[in-house]
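Keep the sequence and the 3D view side by side.

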Amino acid sequence: MSDFEINLTEVEESGSFDLMPVGDYEFVASGWENKTSNKGDKYLSVTFDVTGPSHAGRKIWETFMLEGAGLNVSVARLRDWRRSMGMDPDVEAFGIEQLEGMLNVPLSAKVNIEVGKDKGDGTKWDDKNRIAKFIANTSNKVSAPSPSSNTESASNDDDFDWDK
């Protein structure tokens with residue numbers, strides 16, 4: 001006996017999961033997760049939703065290292081992401097509050113196709129779309145939300161709890 005029953009005959013066909021063509025797209029970041037790599041380094045996995053001009057509704061996930069290998073590249077990409085939304089990229093104490101302020105803000109980025117890497121067992125991962133470059137927004141500056149008076153800001157990474 002089943003604990004559930006669903007009708008699969010009245011379902012719309014799902015959209016294509018083919019790769020999007022290389023080009024410029026509009027996005028919003030819709031969410032993020034704090035994760036730990038197999039090496040034990042913390043990183044952010046950020047979900048970017050395509051809003052146009054085509055492929056609206058598709059998602060691209062990007063990784064931003066918070067420590068270990070790739071930290072310098074991630075810091076530069078976080079700055080470029082902020083710049084793409086018209087936000088000031090110079091943030092001395094970047095933390096959850098600043099990251100949350102970057103969600104649902106429109107931005108433009110160039111998408112490319114990353115060729116799937118070797119899995120180590122003779123097979124390869126599938127090719128996937130990646131954000132190759134965040135496109136700077138110089139036309140309209142957006143101010144990040146100001147910290148509320150009852151919220152502590154992180155002054156350095158040692159005191160900041162990314163697990164919140």
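Start at the surface, where Phe4, Ile6 and Leu8 form a nonpolar patch with about 400 Å² of accessible area together. Patch residues have over 30% relative accessible area and no salt bridge, and nonpolar side chains are joined within 5 Å. Areas follow the Shrake-Rupley method with a 1.4 Å probe. A salt bridge would need a side-chain nitrogen of Lys or Arg within 4 Å of a carboxyl oxygen of Asp or Glu. Isoleucine 6 sits in the segment before β1. Its relative accessible area is 61%, so isoleucine 6 is exposed (exposed is over 50%, buried under 20%, partly exposed in between).

The model is predicted: local features need pLDDT of at least 70, side-chain atom pairs count only at pLDDT 80 or more, and totals for chains, interfaces and linings use all residues. Residues are numbered from 1 along each chain as its sequence is written, and side-chain values use heavy atoms, without hydrogens and water.

Now the sheet. Five strands form an open, antiparallel sheet in the order β3-β2-β1-β4-β5. Strands are DSSP runs of E, at least two residues; helices are H or I, at least four. Pairing takes at least two DSSP bridges. β3 (59-65) and β5 (128-135) are the edges; each has a single partner strand, so one side of each lacks a neighbour in the sheet. β2 (residues 42-52) pairs with β3 over seven bridges. Tyrosine 43 has methionine 65 in β3 as its bridge partner.

Helix α1 (residues 71-84) lies across β1 (23-36), β2, β3, β4 (107-114) and β5, at about 130° to β3. Axes are fitted to C-alpha atoms, for helices over the stretch in contact, and angles run from 0 to 180 degrees between N-to-C directions. Serine 74 belongs to this helix. Serine 74 counts as buried because its relative accessibility is 4%. Leaving aside residues up to four places away in sequence, serine 74 touches Thr63, Phe64 and Met65 (contact means heavy atoms within 4.5 Å).

Key: Buried < 20%, exposed > 50% of the residue type's maximum accessible area, 1.4 Å probe, protein only. Patch = residues over 30% accessible without salt bridge, like charges linked within 9 Å, V, L, I, M, F, W, Y side chains within 5 Å.
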